[in-house]
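Welcome, and thank you for opening the viewer. Let's walk through this structure one selection at a time.

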Amino acid sequence: MPATSERKRYVVAGTGGRALYMFVKPLLNGFPQYCELVGLFDHNPLRMKATTDHIGVALPSYTDFDRMLAETKPDAVVVATKDATHAEFIIRALAAGKRVIAEKPVATDAKQLSEIMRAAERYKSIGASCLVTHNMRYGNSITAMKRLLDEGAIGTIKSVNFHENLNRSHGADYFRRWHRRKENSGGLLIHKASHHFDALNWLIGSIPMELAAQGGLMMYGAAGPFRNDRCLGCPHASKCDFYVDFWKNDLTRQMYKDAEASDGYVRDGCVFDLSIDIEDQASVFYTYANGVQVTYSLTAFATYEGWHIQFEGTKGRLELKEMQATPFASGESMAHGLSTVLGESLLHFDAKTGQVRTIPIASGEGTHGGADEALHQDFFNRPFDAPLTNRMAPLDQAVQAVLIGHAANVSMANGSKKVRVQELLTGAAKA
Ligand SMILES: NC(=O)c1ccc[n+]([C@@H]2O[C@H](COP(=O)([O-])OP(=O)(O)OC[C@H]3O[C@@H](n4cnc5c(N)ncnc54)[C@H](O)[C@@H]3O)[C@@H](O)[C@H]2O)c1
C-alpha cells in the first residue's frame, strides 16, 4: 500500500501474548490509513519468530532495541514487554523523540515513574510523548458509570468500595508467570490494580493523598500443600486443583514452551513455588485530595471472578456487579481478556425518592468486553496529531495509577503504616 502523509510507522517492543492480539495483529492490517507496522523487538528471538510465523509476515525483528529504532525509523513505539522493563524502553524511545504507547502499568515503582517523567519533560522539545493504554476506561460498564457520575446522578461522590475478585483460573495464572515476583510486576496492586486505580482516579477526578494497606499470601506460594517446579511433568498433577496443561494449545506451546531454550522462562510455573513474593489478598484504604474515601480489595483465589463497585454520593448510589468466566488461564486460548460475562448489573439508587433504576450496559464484542477494540479507535484509527480524547491516559494520569499500588507496597512493607502518596513521587524525584 502506498504511504500517505497520514500513515505513521509503528514498532512493537515485546512480542508476547498481549502484544500479539492487542498491537501486532491490529497494527498489521487494522488501520492502513493511519498505521504501518515496521518492526518488532523482543529479547527472546524464538518467541518473536513464533509471533511472525503466526501472523505469516516476516517483519523486521530485532533483539537490540536501539538498532531497531535506528533502522526502522518509527514514529511511534509500543511498549508491551514485562512490566518492570517498561521504564527502560519508554525512556530510550523518549530520548529518540518518539511517541510512546505503553501498556499498563507504565512502571513498577516510584523511582521508575520519576525517571520516565523526567525523560518525557527533557525530550518533549524533540517530539517525545507518552500515552498509556488503560483499556478499563473503554469498558461499557465503566463508560456508563463515567457518564452518570459526570451528569451528577449521585451528587458529590463521598466514598467508594471496590472489590476485585480474580478466580482460581485467571487469578492463579499470575502465580505461574513472571508476575509472581515483585521485581517483575510490582505485585498485583500494581500489575492488576493499576487498571482499577486509574479508573477510580478518572471517575473521581482527583489524586490520591493518604493510604494504608495490608496483604498476604494465603492460597499460593508457601501456603500450598506440595510443589514442583512446573505443571509439565508434575507428580502432583492428579491431586492439584491448579494443574494446567498449557501445551495443548499450539500457539501457546510455540510462543512459550518452544521458546524456553532462549531465556529459560517457564510459563507454567508451580503456583506453590516458594519464591513467590506477591500478595494474593490485599486491602487498600485511601483518601483523595477532594476528600473521597476509597476501600479497595483484591482477592486472587476467589470462587468466582468479577467486580463489585459501589459509589456513594450526596444524592444516591451507583452499584456495579459483574461476574465473569475466563478461559485464558486454563490453557484453552492465548488471547487475554476473552471472558464471558455471566451476569452484570448497574443500579442507580436515588437517596431522596428511594427509587432504584437499572442502567442498561451495552454489550461488547471482543477482548475485555470490547474495550480493547474501542481503545484501538482512539489510538490508531485517527490522524497522529488529532487531539487526545478523554479516555487516552496521558503520562501524568498513568503515573498516579501506579503510585497508589507503589504506596500500598510501601505501607505493607512497613506494618501497614499510613503513607503520604504524593511524597513518594517527590522523594523519588529528589533521590
Ligand atoms: N491492558 C491489559 O488488559 C493487559 C492484559 C495483559 C497484559 N498486559 C500487559 O502487557 C504486557 C505484556 O504482558 P503479556 O501477558 O503479553 O506477557 P508475556 O510474558 O506474554 O510477554 C512479555 C514479553 O516481553 C518480553 N520481555 C521480557 N523481558 C524483556 C526484556 N528485558 N527485553 C525485551 N523483551 C522482554 C518477553 O520475552 C515476552 O515476549 C505487560 O506489561 C502486561 O502488564 C495488559
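Which side chains meet in a salt bridge at 2.7 Å, N to O? Select E103 and R18: their side chains form that salt bridge, the term meaning a side-chain nitrogen of Lys or Arg within 4 Å of a carboxyl oxygen of Asp or Glu. E103 sits in strand β5 (residues 99–103) and R18 in helix α1, so the pair ties together parts that are 85 residues apart in sequence. Helices (H or I, at least four residues) and strands (E, at least two) are DSSP runs, numbered from the N terminus. Both E103 and R18 are buried, that is, under 20% relative accessible area, while exposed means over 50% and partly exposed lies in between (1.4 Å probe, protein chains only).

A word on what you are viewing: this is a predicted model, in which local features need pLDDT of at least 70 and side-chain atom pairs count only at pLDDT 80 or more, while totals for chains, interfaces and linings use all residues. Residues are numbered from 1 along each chain as its sequence is written, and side-chain values use heavy atoms, with hydrogens and water left out.

**Next, select the ligand.** Around the ligand are 27 residues, counted when one of their heavy atoms lies within 4 Å of it. The closest are D42, R47, D83, H86 and Y256. By type, the shell divides into six nonpolar, 13 polar and eight charged residues. Nonpolar here covers Ala, Val, Leu, Ile, Met, Phe, Trp, Tyr, Cys and Pro; charged covers Asp, Glu, Lys and Arg; the others, Gly among them, are polar.

Keep E103 on screen: an N or O atom of its side chain is 3.0 Å from a nitrogen atom of the ligand. Taken alone, the ligand exposes 840 Å², and the protein buries 93% of that (Shrake-Rupley method, 1.4 Å probe).

**Then select helix α6 (residues 140–150).** Here D150 and K146 lie four residues apart, about one turn of the helix. They form a salt bridge, with the closest N and O atoms 3.5 Å apart. Are these two residues buried or exposed? D150 is exposed, at 53% relative accessible area, whereas K146 is buried, at 14%.

**Last stops.** Select R176 and D173, whose side chains meet in a salt bridge (2.8 Å, N to O); both residues are buried. Finally, pick E210, K418, R420 and E423, which are linked in a network of salt bridges.

Conventions:
Polar contact = N/O pair within 3.5 Å; in protein donor to acceptor, adjacent residues only side chain to side chain.
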